[in-house]
Amino acid sequence: MTTHPLPPVVDAATWEHRLQTLRAREKAATRELDAIAAERRRLPMVEMPPYVLEGEDGPVRLVDVFDGKRQLIVYNHMWFPGKEWQCPGCTGFTAQFTRLEFLDRYDARFVIVTQGPIDEALAYKRRVGNRMTWYSTAGSSFGADVGAPPGGAFAVNVFLRDGDTVYRTWHTSGRGTEQLTHTFALIDLLPYGRQEEWQDSPEGWPQSPTYSRWPGSEDIAALYGTGTDGAERL
């Protein structure tokens, strides 16, 4: 006899009925997300100043961060000066994106911008095995102007380029970034879900403090990066 909490066991017909009831809500939510995306495509935009960021090869104009594409997604990675390990949430979130070439077909690019000095940012990128392109906004007000000031939280911003003019079209932060991640989408399919205390789960379901099951930056480095000993783990 198992000691783990389990969903109730029912006959196949009852299970199928409950599944279809839930699926109706899932399909309604999908249609609502489609409607939200349609509204997002109708948002106005705001022109951006000619920011200059710092890249691996030196100063880079914001318009050149597009690398010839017309659309740009920017993840503003949290940065804490002097820390060996940066935000585990940001580190884990961006670690998912290892194959971004599919965006080429959509005339788009996805990059990371952080407040950290470029040399430190690139060293951290290697340490944790990140595969995205990083830029620093340490010498620019860009981060602060798009909702990610020094010492502030993370953010996602989207930009559109028309010639040499850049426009900001969308922004989110906090749980707004969940739609961009596959980790929570997969975990939410599981019977026990995220197992975090804030979630509405049946009585007896395993639950832990929020974030306690998330991998730390050190864990991600051990899996994908060079860690602290300089040994490549890929």
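**Exercise 1. Strand pairing around β8**

Task: determine which residue of β8 is the bridge partner of L160, and describe the pairing of the strands concerned.

Solution. 
Step 1. The bridge partner of L160 in β8 is Y167. The coordinates are those of a predicted model, in which local features need pLDDT of at least 70, side-chain atom pairs count only at pLDDT 80 or more, and totals for chains, interfaces and linings use all residues. Residues are numbered from 1 along each chain as its sequence is written, and side-chain values use heavy atoms, with hydrogens and water left out.

Step 2. Strands are DSSP runs of E with at least two residues, numbered from the N terminus, and two of them pair if DSSP finds at least two bridges between them. Strand β7 (residues 155-162) is paired with β8 in the antiparallel sense, over seven bridges.

Step 3. Two residues lie between the strands in the hairpin of β7 and β8, where G163 takes a positive phi near 65 degrees.

Step 4. Strand β8 (residues 165-172) also pairs with β1 (residues 46-47), in the antiparallel sense over two bridges. In this pairing V46 stands opposite R168 of β8.

**Exercise 2. Salt bridges**

Task: state how many salt bridges the structure holds, and identify which residues are linked in a network of them.

Solution. 
Step 1. The criterion is a side-chain nitrogen of Lys or Arg within 4 Å of a carboxyl oxygen of Asp or Glu. The structure holds five salt bridges.

Step 2. The network links R175, E178, D188 and R194. Within it, the closest N and O atoms of R175 and E178 are 2.8 Å apart, and R194 meets D188 at 2.9 Å, N to O.

Step 3. Accessibility is then assigned (buried under 20% relative accessible area, exposed over 50%, partly exposed in between; 1.4 Å probe, protein chains only). R175 is exposed at 54%, D188 is partly exposed at 40%, and R194 is buried at 9%.

Step 4. One of the salt bridges joins the side chains of D64 and R61 (2.9 Å, N to O). D64 is partly exposed at 39%, and R61 is partly exposed at 41%.

**Exercise 3. Cysteines**

Solution. 

Step 1. C87 is buried, with a relative accessible area of 13%. C90 is buried as well, at 1%.

**Exercise 4. The cavity**

Task: find how many cavities of 30 Å³ or more the structure holds, and which classes of residue line the largest cavity.

Solution. 
Step 1. A cavity is a set of points, on a 1 Å grid over the protein atoms alone, where a 1.4 Å probe fits but cannot get out; lining residues have an atom within 4 Å of a point. The structure holds one cavity of 30 Å³ or more.

Step 2. The lining has seven nonpolar residues, eight polar residues and no charged residues. In this scheme Ala, Val, Leu, Ile, Met, Phe, Trp, Tyr, Cys and Pro count as nonpolar, Asp, Glu, Lys and Arg as charged, and the others, Gly among them, as polar.

How values were computed: On a 1 Å grid over the protein atoms alone, a cavity is a set of points where a 1.4 Å probe fits but cannot get out, and a pocket is an open set with protein on both sides within 12 Å along at least five of seven lines; lining residues have an atom within 4 Å of a point. Grid points are joined across faces, edges and corners, and a volume is the space filled by probe spheres set on the points. Helices (H or I, at least four residues) and strands (E, at least two) are DSSP runs, numbered from the N terminus.
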